[in-house]
Amino acid sequence: MFRNQYDTDVTVWSPEGRLLQVEYAMESVKQGSACVGVRSNTHVVLGALKRSVSELSSHQKKLLEIDDHIGIGIAGLTADARSLAKYMRNECLNHKYVFGAPITPALLMGDLADKHQRTTQTYVRRPFGVGLLVAGIDPQFQTAHLYQTCPSGNMYEFYASAIGARSQSARTYLEKHYESFTEASLDDLIIHALQALVGCVSGDDELTKENGSIAFLGKDQKFTMLEGDALQPYLDRLELKNAEEEKDDDDDEEEKEGDAPQAMET
Amino acid sequence: MYDSAMPPRSKPLRSGGFNKNTSSIFDPLAGQIHNSEGYGATLGKIDHGVTENPYERRFSPYDFNGGTCVAIAGSDYAVIAADTRLSSGYEILSRDMSKLHTLTDKCILGSAGCKTDVDQLRSVLDIKMKMYHHNHRKTMTTPAVAQMLGNTLYYKRFFPYYAFNVFGGIDEEGKGAVYSYDAIGSFERTPVTATGSGQAYIIPLLDNVIAHRNRLDEKRDLLKEEVVEIVKDAFISCGERDIYTGDKVEIAVITKDGIEKTYFDLKAD
């Protein structure tokens, strides 16, 4: 209602009790291309749809390694994301140097959330225009975690999540299937992530090895990226799976047609 | 750490000192009679062993924890070996402390010297290499690590890491690469090197047998298995003469297929 008068400064409250600049920053996240994260008991998989400015340009990297046991997927202002990645990498190295052990992802997320919050309470800075999906393995308990940060400084842990443009379709898919993720194998998790991503492509585009990107890590698995040719086998498997399901759907429909006349008779 | 003290002067400044002429300890005038240098103007001054024979006491930030490291470059392999004894003075602190540190799957750093400086150097290198990996999205090559190690050591030119390094690995062409360093970062790529307390025993042997110096017979390329046997012999001889070398030798052979480590027992005396 009062959006235009109270939205110039991040330090100004709107009459509805909202910080409009922070909300606008969250809009920036929604403009970024899609990024999904899924986790099982032992692995976390991040998937991203890489955008390219034109046919001539390369696709923008969206999955970044932070440490052997932590990785992130970004949506929004890439430059802000890289600045955060640099901060996170430094924190990881520093922690390992000072304490002789890898940092707990939860600890890093706390620091990251605080860093985001600081920008929302001073008028010389602006909020970060990027949402992060952070995949991490707790080095002490050997558990898998997926976190999400947003410009507001809120930090959430998820079983599965998706951010960015057209990510609602991914979220719908994940809500339907997330309960099967806990015991899923790594390969199945990757297929789930790709399946969720498929719903996020725009219009006539499709998910290919050029614009798709997967990263995974696990209990005994360091951060690993799957891009380009390495991704093709999974895309093939996904295609196969979808083709089978379509065939099953067609079979189901035929059966239904066969039943219908009987139903009508009685 | 032991204090390094300069030895006391051979001639005492005052002949009426604490150690001599015991009768004069209790004689308040004794010092005064022989004193011609103006010390102890007051009577009955107790000397704590410093005024009479002053010498400089200094805290030494370094300790030498002993050991020997060797590295040899082959046509498609590198062998790097070090003993596993950690000592301080005449005491053995550990018989099983590795001097080798794996930096990438293609290179290993061997360091003798002051253990805490070695540990710190390793931490610093690990951090730098991780940052490189983040920024360049690939692992550092062996020559790059060699250069970085030299730079890192020079960074502390005026308070050096007391670390004597040998660095061995496989270069970008698949050949064995070995680099030797001094404590402040001067380095050179060499076919063969050794460092540490037993350096002087091993280098002449390797010069002759591996680098084929001062020999009249024809040089031939050695297989990595032969080099490992030569290294074992070198350490046995070194362990006989050098008190800081012994217990065990850790031998790492680096090839393009990875790193293989073996252990070889030495005399424990």
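This briefing describes aromatic pairs, a sheet, selected helices and hairpins in a predicted model. Local features require pLDDT of at least 70 and side-chain atom pairs count only at pLDDT 80 or more, while totals for chains, interfaces and linings use all residues; side-chain values use heavy atoms, with hydrogens and water left out. Residues are numbered from 1 along each chain as its sequence is written, and chains are lettered from A and ligands numbered from 1 in the order in which they are written.

**Overview of chain B**

- Chain B comprises 5 helices and 14 strands, where helices (H or I, at least four residues) and strands (E, at least two) are DSSP runs numbered from the N terminus.
- Of its 269 residues, 46% count as buried; buried means under 20% relative accessible area, exposed over 50%, and partly exposed in between (1.4 Å probe, protein chains only).
- Among contacts in chain B with a separation of 6 or more, 63% come from residues 24 or more positions apart, a contact being heavy atoms within 4.5 Å.

**Aromatic pairs and charges over rings**

- Over all chains, a search of the whole structure finds 10 aromatic pairs. Rings of Phe, Tyr and Trp (its six-membered ring) pair if their centres lie within 6.5 Å; planes under 30 degrees apart count as stacked, over 60 as edge-to-face and the rest as tilted.
- One of these pairs is A:Tyr156 with A:Phe158, whose ring centres are 6.2 Å apart and whose planes stand at 65°, so the pair is edge-to-face. A:Tyr156 is partly exposed at 38% relative accessible area, and A:Phe158 is partly exposed at 27%.
- The rings of B:Tyr62 and B:Phe159 are also edge-to-face, because their planes meet at 70° with the centres 6.0 Å apart. This pair links distant parts of the chain, 97 residues apart: B:Tyr62 is in the loop between strand S2 (57–58) and strand S3 (68–73) of chain B, and B:Phe159 is in the loop between helix H3 (142–155) and strand S9 (163–170) of chain B.
- B:Tyr62 is partly exposed, with a relative accessible area of 24%, and B:Phe159 is partly exposed at 48%.
- B:Tyr62 and B:Phe159 belong to one aromatic cluster with B:Phe64, B:Tyr162, B:Phe164 and B:Tyr244.
- B:Lys156 places its charged end over the ring of B:Phe159, 4.6 Å from the centre. A charge sits over a ring if NZ of Lys or CZ of Arg is within 6 Å of the ring centre and within 35 degrees of the ring normal.
- In chain A, A:Lys115 lies over the face of A:Tyr87, 4.4 Å from the ring centre.

**The open sheet of chain B**

- An open sheet of 5 strands in chain B has the order S7-S8-S9-S10-S11 with antiparallel pairing; two strands pair if DSSP finds at least two bridges between them.
- Strand S7 (100–104) and strand S11 (187–190) of chain B each have a single partner strand at the sheet edges, so one side of each lacks a neighbour in the sheet.
- On average, neighbouring strands of this sheet are turned by 25° against each other, direction ignored. Axes are lines fitted to C-alpha atoms, for helices over the stretch in contact, and angles run from 0 to 180 degrees between N-to-C directions.
- Strand S10 (residues 176–181) of chain B pairs with S11(B) in the antiparallel sense over 4 bridges, and B:Val178 has B:Thr190 in S11(B) as its bridge partner.
- The hairpin of S10(B) and S11(B) has 5 residues between the strands, and B:Gly185 takes a positive phi near 100° there.
- Helix H2 (residues 115–136) of chain B lies across S7, strand S8 (107–113) and S9 of chain B, running at about 10° to S7(B).

**Helices and a hairpin of chain A**

- H5(A) is mostly covered, with 10 of its 13 residues buried, including A:Leu186, A:His192 and A:Gln195.
- A:Asp80 lies in helix H2 (residues 78–99) of chain A and is buried at 9% relative accessibility. Not counting residues up to four places away in sequence, A:Asp80 touches A:Arg126, A:Pro127, A:Phe128, A:Gly129 and A:Val130.
- Strand S9 (residues 212–218) and strand S10 (residues 221–226) of chain A pair in the antiparallel sense over 4 bridges, and a hairpin joins S9(A) to S10(A) through 2 residues. The bridge partner of A:Phe216 in S10(A) is A:Thr224.
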